[in-house]
Each structure stands twice: as structure tokens, then as C-alpha cells.
Amino acid sequence: MDESVLAALQRWPDVPAVYGWLSLDARGTWRLHPAGDGQQGGTGESITSPQILAFIARNYDSDTHGNWFFQNGPQRVYVRLDAAPFVLRLAGDGDGFETHTGLPVKAIRQWLLDDEGRLFALTEHGAAVVDSRDLGQVMDKLQDSTGRALLDILEQAGPVPAVQARDGSLAPAPFAYVAKPSLAAHAGFIHNPTLARQD
């Protein structure tokens with residue numbers, strides 16, 4: 001986190017947290033909810049300012065309960081997650097992966113495919129959904145130890161073996177199917193934080 005944010009927390013430690021004002025969609029777009037309707041599923045407004053996006057990315061974290069938040073100075077702004085805490089994308093140079101906040105992904109503990117066809121990865125930073133715009137390329141980039149592409153493996157019935165990046169940027173990780181309602185619990189995050197789950 002920014003030094004200024006940490007200093008503000010020390011100076012004003014008891015500022016109440018807020019809920020329903022910020023969300024993250026499945027493509028990594030931060031959305032502001034001026035009406036405070038984020039918890040009720042409001043669509044909000046896209047945040048586009050590069051400076052604000054960079055500030056959010058640097059001060060984005062989670063608590064011990066799996067609630068994700070943006071630390072805005074002394075105030076904690078809890079985030080509604082439409083898919084996962086992070087969105088996984090192919091890195092700009094085409095090699096490797098990074099999160100929507102620009103963090104390089106070097107380790108994946110498990111790959112998960114839900115019943116809507118969304119691919120998730122449990123990364124060293126937290127759970128991430130693969131950006132739908134990159135999904136086809138990612139499926140082609142992942143393979144088992146014999147070189148079969150993940151997409152080809154999924155077309156066959158039966159269990160899926162551990163998969164790894166074809167370019168060697170990621171070590172093999174187990175693969176599993178997961179029902180959408182079970183995903184957040186399996187991955188250890190809260191989709192829609194509430195007062196009851198605060199630290």
C-alpha cells in the first residue's frame with residue numbers, strides 16, 4: 001500500500017468502512033456506485049482515470065475473511081466481485097500472465113472451470129477469472145504433460161490431468177470442475193462483503 005495510505009490509517013484508525021460503492025466486473029473494470037447500490041447489483045459507472053485506477057490497484061487487498069477492499073486513505077471501501085478478486089489476462093508481450101492490476105502471475109495452485117464455462121486460476125495473489133477476451137488463447141496455451149491442449153482435453157470425457165503453460169512460464173497445476181455457487185467458497189473469497197463479515 002501507499003505510504004500516504006498507511007500514514008492515514010495510523011492517524012485516523014477508526015474511520016467506518018463503506019459498502020456498496022465499488023465493484024469489479026468480470027473483465028477487470030472497476031465500477032463506482034454513486035447511489036451506493038453496489039450490494040444490490042447496480043451496474044455503476046466505469047472508472048477510467050489512469051491515476052485513479054493505478055491508486056486502486058496499489059491499495060487493493062483482502063481481510064482474513066476473504067473480503068476484498070480498496071483502502072482509500074483511512075477508509076476501507078469493500079468491493080463487490082462479479083467474478084473473482086482478480087481478472088487474469090495474457091501479458092502484454094504475449095508471454096505469461098498478469099492480473100488486471102498489473103501483477104505478474106508466476107504460480108497457480110489450481111485451475112477451475114465452472115458450469116458457465118468460465119476458467120479460474122488460484123494464483124499467488126488470489127483467485128482470478130480468465131478474461132473472456134483471452135479465454136481461447138489461454139485454453140490453447142495450456143497443455144498436459146504430453147502436449148495436449150486443454151481445449152482438446154475438455155472435449156473428451158473423463159478427468160482432466162494437471163495442466164501447465166506451453167511456454168514453460170507456469171508449472172503444472174491440478175484442474176477441476178466447480179459449480180458456480182461453490183466457487184467463491186472453494187477459492188476463499190466473498191462475492192459481496194457485508195457488515196457481518198468485517199474484521
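Lys-141 is buried, at 12% relative accessibility, where buried means under 20% relative accessible area, exposed over 50%, and partly exposed in between, with a 1.4 Å probe and protein chains only. This residue is found in helix H3; helices (H or I, at least four residues) and strands (E, at least two) are DSSP runs, numbered from the N terminus. Between the C-alpha atoms of Lys-141 and Glu-155 there are 16 Å in space, and 14 residues separate the two in sequence.

Before I continue, a word on the basis of these values. The model is predicted, so local features need pLDDT of at least 70 and side-chain atom pairs count only at pLDDT 80 or more, while totals for chains, interfaces and linings use all residues. Residues are numbered from 1 along each chain as its sequence is written, and side-chain values use heavy atoms, with hydrogens and water left out.

What does the side chain of Lys-141 meet in a salt bridge? The partner is Asp-167, at 3.0 Å from N to O. Asp-167 sits in the loop between strand E14 (164-165) and strand E15 (175-178), and Lys-141 in helix H3, so the pair ties together parts that are 26 residues apart in sequence.

I turn now to the salt bridges in general. A salt bridge here is a side-chain nitrogen of Lys or Arg within 4 Å of a carboxyl oxygen of Asp or Glu, and the structure holds 9 of them. One of these joins the side chains of Arg-89 and Asp-131, at 3.2 Å from N to O. Arg-89 belongs to strand E7 (residues 86-90), and Asp-131 to the loop between strand E12 (127-130) and helix H3 (135-141), so this pair ties together parts that are 42 residues apart in sequence. Are the two partners buried or exposed? Arg-89 is partly exposed, with a relative accessible area of 22%, whereas Asp-131 is buried, at 2%.

A further salt bridge links Glu-116 with Lys-180, whose closest N and O atoms are 3.2 Å apart. Glu-116 is placed in the loop between strand E10 (108-114) and strand E11 (119-123), and Lys-180 in helix H5 (residues 180-187), so the pair ties together parts that are 64 residues apart in sequence. Glu-116 counts as partly exposed at 48% relative accessibility, and Lys-180 counts as partly exposed at 37%.

The next topic is the nonpolar interior. A nonpolar core is a set of buried Ala, Val, Leu, Ile, Met, Phe, Trp, Tyr and Cys residues joined through side-chain atoms within 4.5 Å. The largest such core has 48 residues. Which residues have the most contacts inside it? They are Trp-30, Tyr-60, Leu-88, Trp-111, Leu-119 and Phe-189. Contact means heavy atoms within 4.5 Å. Leaving aside neighbours within four places in sequence, Trp-111 is in contact with several residues, including Leu-88, Leu-119, Val-130, Leu-142 and Phe-175.

Helix H3 also contains Leu-135. Not counting residues up to four places away in sequence, Leu-135 touches Gly-117, Leu-119 and Val-130.

Ile-47 lies in the loop between strand E3 (45-46) and helix H2 (50-58), and is buried, with a relative accessible area of 15%. Residues up to four places away aside, Ile-47 touches a set that includes Leu-22, Trp-30, Leu-32 and Ile-56.

Finally, the cavities. On a 1 Å grid over the protein atoms alone, a cavity is a set of points where a 1.4 Å probe fits but cannot get out, and lining residues have an atom within 4 Å of a point. How many cavities of 30 Å³ or more does a search of the whole structure find? The search finds 1. The largest cavity has a volume of about 30 Å³, a volume being the space filled by probe spheres set on the points, which are joined across faces, edges and corners. Among the residues lining it are Tyr-19, Gln-39, Tyr-78, Arg-80 and Asn-192. Strand E1 (18-24) and strand E6 (75-81) are the elements that give two or more residues to this lining.

Definitions and conventions. 1 Å grid on protein atoms, 1.4 Å probe; cavity = no way out; pocket = protein on both sides within 12 Å on 5 of 7 lines; lining within 4 Å.
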